[in-house]
Amino acid sequence: MNSISRRRFMKISAATISLAAAGCALKSGTSSLGTKEKRKGIQKIPTYCDICFWKCGAIAYVKDGELWKIEGNPDDPLSRGRLCPRGTGGIGAHTDPDRLRTPLIRKRDRGEEVWQEVTWDEALGHIADKMQKIKSEYGPEAMALFSHGIGGNFLKHTLNAYGTPNISAPSFAQCRGPRDVGFRLTFGEDVSSPERTDIKNARCLVLIGSHLGENMHNSQVQEFADAIQNNASIIVVDPRFSVAASKAKWYLPIKPGTDLALLLAWMNVIVKENLYDKEYVTKHGFGFDQFAAELLPYSPEWAYTETGIEPDVIRETAREMGRYKPATLVHPGRHVTWYGDDTQRSRAIALLNALLGSWGRKGGFYYPISMDVPAYPYPAYPKPAREKVDNPNQKYPFAHETITTGIREATLTGQPYPVKGWFVYATNLIHALPNEEETIKAIQNLDLLVVVDVIPSEIAGWADVVLPESVYLERHDDLNVEWFRDPFTALRQPVVESPQDQKPNWWIAKELAGKLGLGSYFPWNDVEEYFKHRLTAAGLDYDELKKKGVIRGKKQPNYFEEGVPVEFPTPSGKIEFYSLQLQKAGFDPVPKYTSPEQNPPGSFRLLYGRAPVHSFSRTQSNRILSDMMSENEVWVNSSIAGRLGLQNAQYVTLKNQDEIVSNRVKVKVTERIRPDCVYLVHGFGHTSRGLRHAFRKGASDAQLLTRYNTDPLMGGTGMNNNFVTIEPAEA
Amino acid sequence: MARFVMVIDTSKCVGCMDCVVACKTENKVPEGFNRDWIVQDVIGSYPTLHLEIRSERCNHCDAPPCVYCCPTGASHVHSLGGVVLVEHNVCIGCKACLASCPYDARFIHPDGYADKCTFCIHRVEKGMDPACVSVCPTRCMYFGDVDDPNSVVSKFLASRKYHSLIPEAGTKPQVFFLA
């Protein structure tokens, strides 16, 4: 049996970087599929999905040489044999006529989108020359990488070998970072991805702004349906009557920005009425008495004035949580960068779970496991001469990953040292980072901006060099050995060939390394050689993995009651109800509430979220998915629409507090949202002309997010602080 | 005799449209058209609301007006399970069936014939579920023979509250929605 390693959370960022790397000789980017002759009949090829980062195991059907359909791989623990609509529609990524086709070098001013088509050799040669120049003038730390998803592993390896520590992903400071910091401060561990939430076994499930069902993280949605079927008691807190809210026993229509007040009041009731898990708290808790004392002022009556939630409802829902403890899961959410106090709000969620004894328990948070597949034995990376640029003097003391917006800030100011080159892999920074203007200004300070993408995203439009990547159905990527309920290893492998001159990232990374004189960091010829090396070291068979797509390990204990060792890697070794490390750093040891900014008169708080058929800003030109939803709508409460004289499906524009005006967008007149806010699905309103099908369809929330409040603990950007007015637009 | 029906548990459906996407790829439904779709019915006023989400399609009616009105016989009831189908080569695209369907379940395919859900009869004949049922991530859709009292669909219809769409049209629809 393969050896299984448990709980390597603290090592995860280092590990995923060194997992990286791959390589191959120049001959071909597209694998062993090889021949141009189309095979007759149906082939079923297992791989794993990349429409989002969940990495669901899939089986692609190729009929007479053409990609026909993609289904879930029944052996895969993430998909459980069923994909989400985006995964099912993944073939639209392969057939998208707006894809990038060949490498491009910019010919006119940045952002004008005038290009010359070049060969890979020219493009990579050009990039390598510029990178060498940056290295000699400013040092290798002046290059930064923004990367999203497992595909970026290879490029991370090249950039590490080049000598920069400045490697980041928006998933930290623009998404889940505050949550992971809040949980680390409390339990010593992250919530991790995929989340270690035991939704299917929860008897009481609390969702705070999490819109499962619209947000299609596959395993979680499947388990949410299990929870519904099991008659779990569901409590949903959201200013919008989400799909999840429609499944709930209690829907709490909270005033935006006041979630922490509700959390403190819930904890107040749970402590006051002795509803918490006393044995668990006594045994595993640190500083409970001080924590309990801090909760005293936060009565449900006090919280009512902030949240608009009736005191009796706060009490009843708190009692419901207590009734089902420890199988009560207060879901930590994922995209939690809302108001700038997000780490403390996430910590309050962690503390509420701690009171209920749900961490490490069935129906709460399980202990995930990964398969121990050793990293490839690369030469050691050069040690950067300077610290990372994103967080000078540990300004954000609890940031344990790199802050994208910190790199942007350094690029703008030149402090603590200049950043002169950006490599951007599969993340559309124009839609991913708040305040587009700052991003564009920072780009003006660069000597080199390279974008690797599959479609002409907005950030590609600003690039000096654009590298067209093969889509996931056409390429190998790194092995997926992520933590989950039980250990597994999954393979992404090509199903069809790239239609034009697109290349897989492992090939791009290896070729670039060669041109940078870093060829020794890619000691093998083909990415399959890399897989075989790692799998052999793990006692696994590559041919079996190719055939099945996934290899499962032995079932392991997931809960304390199943024998998981009870350990909390915090400074006290216990669950920190009262945090001395926060106190020492000058922060509140127990979260304290501050009222959010009020709406300016006549304006609405802009909220945003997901639709089940789209991922970020990267699927709007997928013709299958755009056929499901081709533009977004702005949700406006019926009474407000009546007052403003707005009709359903009428086009309007949104203007924010900084006079930024959106593209025109249809109004959805609905009862399903509070009157004081409006809502957009993220990812629409594209301004890249190359995205012919998605160009100017709907409004971009990102464009309107000019203001953000930075979380003082970890540098996350709270983005729900923007207010808009609504103006009719021409049809 | 088998009588195929579809049962959809609205309490679990999240309206993700995976059923719509799967139908599209399985049956190569052209861009701009769908054989199934999602309806979200909202009742009440904020914040006291009820939302029913339904995956809808051809109801494969027991009294199918589309079959009765078809001048060429292209619209017909299949010998297996009472499934309503269209013989593409016989259809002249006159749209009588489109007009007769109370569910607006049909469209004219760009190739000129009336098209709609087939209950994926090509899969069902091989013992598989329709594509929409087989992909649903919430497992809220069920397909089977209502004449078989031991089938999953029969058990649901015997034990749960359900409704069908526009029963007053008298078409005897065979897609049922569990509350």
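In which sense do strand E21 and strand E25 of chain A pair, parallel or antiparallel? They pair in the parallel sense, over 5 bridges. Keep in mind as you read on that this is a predicted model.

The partner strand, E21(A), covers residues 604-609.

## Chain B as a whole

Turning to chain B, you will find 6 helices and 10 strands. Its radius of gyration is 16 Å, close to the 16 Å that the globule rule gives for 179 residues, so chain B is as compact as a globular protein of that length.

The C-alpha trace of chain B spans about 50 × 40 × 35 Å along its principal axes. Of its 179 residues, 42% count as buried. Among contacts in chain B between residues at least 6 apart in sequence, 55% join residues at least 24 apart.

## Where the chains meet

Between the two chains, 29 residues of chain B are in contact with 32 residues of chain A. On the chain B side, the elements that give two or more residues are helix H1 (18-26), strand E2 (37-45) and strand E3 (48-56). H1(B) provides the largest share, with 7 residues.

By residue type, this side of chain B divides into 16 nonpolar, 7 polar and 6 charged residues.

Conventions. Residues numbered from 1 in each chain as written. Chains lettered and ligands numbered in written order. Predicted model: local features only at pLDDT ≥ 70, side-chain atom pairs only at ≥ 80, totals over all residues. Pairing = 2+ DSSP bridges. Helix = DSSP H or I, 4+ residues; strand = E, 2+ residues; numbered from the N terminus. Contact = placed C-beta atoms within 7 Å. Nonpolar A, V, L, I, M, F, W, Y, C, P; charged D, E, K, R; others polar. Rg over C-alpha atoms; globule rule 2.2 N^0.38 Å. Buried ≥ 20, exposed ≤ 12 C-beta atoms within 10 Å, placed from the backbone.
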